[in-house]
Amino acid sequence: MGVVRFTKQRQAILDVVQGTDVHPDASWVYAQVKQLMPNISLGTVYRSLEALADDGYLLKIHSAGDVTRYDARKEDHHHAVCKCCGKILDVFSPHVRELKKALAALPSGFELQEVRLEFHGICPECATRRSTH
């Protein structure tokens, strides 16, 4: 893990991600930061997001078939992904934490470093829209 140099651009990018709960992708972050720093490039945003994630300031969320999203909440949690709109919601559950303890049955010598559990379904807003149509 390297050490991120906190330029004004990187700090602005981190501030934008920390200031939202939408689990943004790089394009969304770029649009927000560009309002503050009109000369910033999309490439700078991509590189900065990667560096911030590599150094543990952000979590990267990879969903199959979707763009990489970023999350500033680093405490132990998982995600629920809406199959209709793509929204990602945070899931905090003591039951999920217990699952990690159950994984102690992994093969001897296996060093568990991370567990990612992702739930897929329909968010409340999309479910409401579906039931009214």
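Tutor: Helices (H or I, at least four residues) and strands (E, at least two) are DSSP runs, numbered from the N terminus. The model is a predicted one, in which local features need pLDDT of at least 70 and side-chain atom pairs count only at pLDDT 80 or more, while totals for chains, interfaces and linings use all residues. Residues are numbered from 1 along each chain as its sequence is written, and side-chain values use heavy atoms, with hydrogens and water left out.

Strand E2 (residues 69–71) holds arginine 69. Arginine 69 has a relative accessible area of 13% and therefore counts as buried (buried is under 20% relative accessible area, exposed over 50%, partly exposed in between, with a 1.4 Å probe and protein chains only). The arginine 69 side chain comes to 3.0 Å from the backbone oxygen of glycine 86, a polar contact being a pair of N or O atoms within 3.5 Å; within protein, one must be able to donate a hydrogen and the other to accept it, and residues adjacent in sequence count only if both atoms are side-chain atoms.

The sheet itself is open and has three strands in the order E4-E3-E5, with mixed pairing; two strands pair if DSSP finds at least two bridges between them. Strand E4 (88–91) and strand E5 (118–121) are its edges, each pairing on one side only. From one strand to the next, the twist averages 25° (axes are lines fitted to C-alpha atoms, and angles run from 0 to 180 degrees between N-to-C directions). Strands of a sheet pair through backbone hydrogen bonds, either parallel or antiparallel. Strand E3 (residues 78–82) runs parallel to E5, to which four bridges join it. Within E5, phenylalanine 119 is the bridge partner of alanine 80.

Leucine 112 lies in the loop between helix H4 (94–102) and E5. Its relative accessible area is 37%, so leucine 112 is partly exposed.

Another loop, between helix H1 (8–18) and helix H2 (26–36), contains histidine 23. Most residues other than glycine have a negative phi. Histidine 23, although not a glycine, has a positive phi of about 55°. With a relative accessible area of 3%, histidine 23 is buried. Proline 24 is in the loop between H1 and H2 and is buried at 3% relative accessibility. Between proline 24 and cysteine 123 there are 99 residues in sequence and 17 Å in space, C-alpha to C-alpha.
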